[in-house]
Amino acid sequence: MFTQSFVDAVAEAERLVAAAPFIETEADLLEGLQYLAGCIASCTHVAFDFDKDHPFLHSGTGPFEKMGLDNPDTMYFGTRVQPGHEYVVTGRRGTTTDVSFQLLGGEYTDANVPDSETAFDDRKLDIAADGTFEWRFTPATPAQLVIREVYNDWSAQRGTFAISRTDTAGTAPEPLTRELIEKRYAVAGKQLVQRVKTWLQFPKWFYDNLPVNTLTAPRLTPGGLATQYSSVGHYDMTPDQAMVITLPVSDAPYLGFQLGSLWYISLDYINHQTSLNGTQAQADPDGKIRIVVSENNPGVTNWCETLGHAKGYLQFRWQRVSRELTAEDGPTCEVVGLDEVASKLPFYETNKISEEDWRARIALRQRLIGERMVG
């Protein structure tokens with residue numbers, strides 16, 4: 001039976017999900033099972049479409065196939081590359097804020113964060129007047145190529161990216177064999193179990209040991225990403241509480257904030273405002289951005305919805321920075337009663353938003369995600 005190894009892996013992954021130590025409610029479990037379905041889809045997609053001699057860029061995470069606290073402002077593309085072969089990445093630069101390229105010496109696992117062998121953004125490329133570019137490289141060891149396209153404005157025009165191996169370009173893979181199909185089912189199953197294990201472990205290293213309801217000072221993002229700083233934390237609040245986060249308007253071209261569940265994935269950012277970036281966030285006249293994180297609606301523009309998650313993760317990212325960021329560039333936060341929010345916002349009267357305008361904000365998110373990410 002060709003699929004037996006995969007069926008067994010799905011069952012093992014389901015057991016891992018069901019045994020997650022943070023599950024407290026039926027909603028937590030159901031979210032985990034939804035997350036598992038996305039993992040299954042992503043792993044089968046990669047395993048069956050990948051050919052080591054004929055590389056193709058895949059999107060391993062997105063609105064419905066989430067992992068690794070996926071950034072709502074980012075399109076992710078990647079593939080595995082083999083040592084001793086020349087590869088060429090071609091494309092056309094869109095109007096997005098940042099495009100970064102990274103070669104990882106392996107893959108993330110529940111025991112390892114791979115070293116970054118190369119990391120740079122598109123400023124290192126020779127981009128022609130029409131936006132086209134080409135990057136050639138020959139990896140010395142087996143590696144994983146990751147391309148991130150980052151939007152500070154969701155209405156920006158996305159770019160295009162493709163990869164080929166110069167010695168096999170213009171040729172086709174060998175026909176399918178029984179052995180290859182069996183191997184691909186086995187690989188998909190192995191990747192599925194590893195994916196679930198990895199991202200259950202990852203926040204234990206970088207988030208869970210931090211004091212609750214705090215945010216770190218900006219720091220270089222673990223993993224060697226070029227020109228990216230991050231501030232992270234985790235929250236634990238009741239429905240009658242809110243976290244008020246204050247930070248200065250950034251001179252970095254990209255600023256993003258998001259909420260994540262304990263499954264270490266983004267909350268629904270299509271139909272709810274669970275993230276804000278430098279274009280979406282309302283800035284106050286004193287040059288500060290004030291975000292309110294809560295379950296119940298405080299009636300302000302910069303409300304980020306926890307969607308029933310009493311506990312979760314907080315993440316800021318700054319990208320394409322031209323200088324070292326310090327604590328003064330980062331956020332401060334305070335947990336208060338929901339009824340105290342207005343008194344904690346010095347520009348509350350201009351922060352308020354009507355129900356009609358809020359619905360328009362959500363409709364805009366839905367439309368722009370549909371145009372940019374889904375499909």
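Author: Phenylalanine 6 has its place in helix 1; a helix here is a DSSP run of H or I with at least four residues, a strand is a run of E with at least two, and both are numbered from the N terminus. The model is predicted, so local features need pLDDT of at least 70 and side-chain atom pairs count only at pLDDT 80 or more, while totals for chains, interfaces and linings use all residues. Residues are numbered from 1 along each chain as its sequence is written, and side-chain values use heavy atoms, with hydrogens and water left out.

Reader: Why does phenylalanine 6 count as buried?

Author: Buried means under 20% relative accessible area, exposed means over 50%, and partly exposed is in between (1.4 Å probe, protein chains only). Phenylalanine 6 has 11% relative accessibility and therefore counts as buried. Leaving aside neighbours within four places in sequence, phenylalanine 6 is in contact with Ile40, Thr44, Tyr185, Ala188 and Gly189, where contact means heavy atoms within 4.5 Å. The C-alpha atoms of phenylalanine 6 and alanine 186 are 5.7 Å apart, although 180 residues separate the two along the chain.

Reader: Why does aspartate 286 count as partly exposed?

Author: Its relative accessibility is 37%, and aspartate 286 therefore falls in the class called partly exposed. Aspartate 286 belongs to the loop between strand 12 (275-277) and strand 13 (288-294).

Reader: Why are helix 1 and helix 2 called roughly antiparallel?

Author: Two packed helices are described by the angle between their axes and the distance between the axes. Axes are lines fitted to C-alpha atoms, for helices over the stretch in contact, and angles run from 0 to 180 degrees between N-to-C directions. Helix 1 (residues 4-18) and helix 2 (residues 26-49) pack at about 150°, with axes 10 Å apart. Angles under 35 degrees count as roughly parallel, over 145 as roughly antiparallel, 65 to 115 as roughly perpendicular, and the rest as oblique. Helix 1 and helix 2 are therefore roughly antiparallel to each other.

Reader: Which residues of helix 1 and helix 2 meet?

Author: Phe6, Val10, Ala13, Glu14, Val17 and Ala18 of helix 1 meet Leu29, Gly32, Leu33, Leu36, Ile40 and Thr44 of helix 2. By class, this contact has nine nonpolar, two polar and one charged residues; Ala, Val, Leu, Ile, Met, Phe, Trp, Tyr, Cys and Pro count as nonpolar, Asp, Glu, Lys and Arg as charged, and the others, Gly among them, as polar.

Reader: What makes helix 1 roughly parallel to helix 3?

Author: The axes of helix 1 and helix 3 (residues 178-206) cross at roughly 10° and come within 7 Å. That angle makes the two helices roughly parallel. The contact of helix 1 with helix 3 has 13 nonpolar, two polar and two charged residues.

Reader: How many residues does the largest nonpolar core have?

Author: A nonpolar core is a set of buried Ala, Val, Leu, Ile, Met, Phe, Trp, Tyr and Cys residues joined through side-chain atoms within 4.5 Å. The largest one has 26 residues, and Val89, Phe101 and Ile163 are among those with the most contacts inside it. A second, separate core of 23 residues includes Leu267, Ala281, Ile289 and Phe316.
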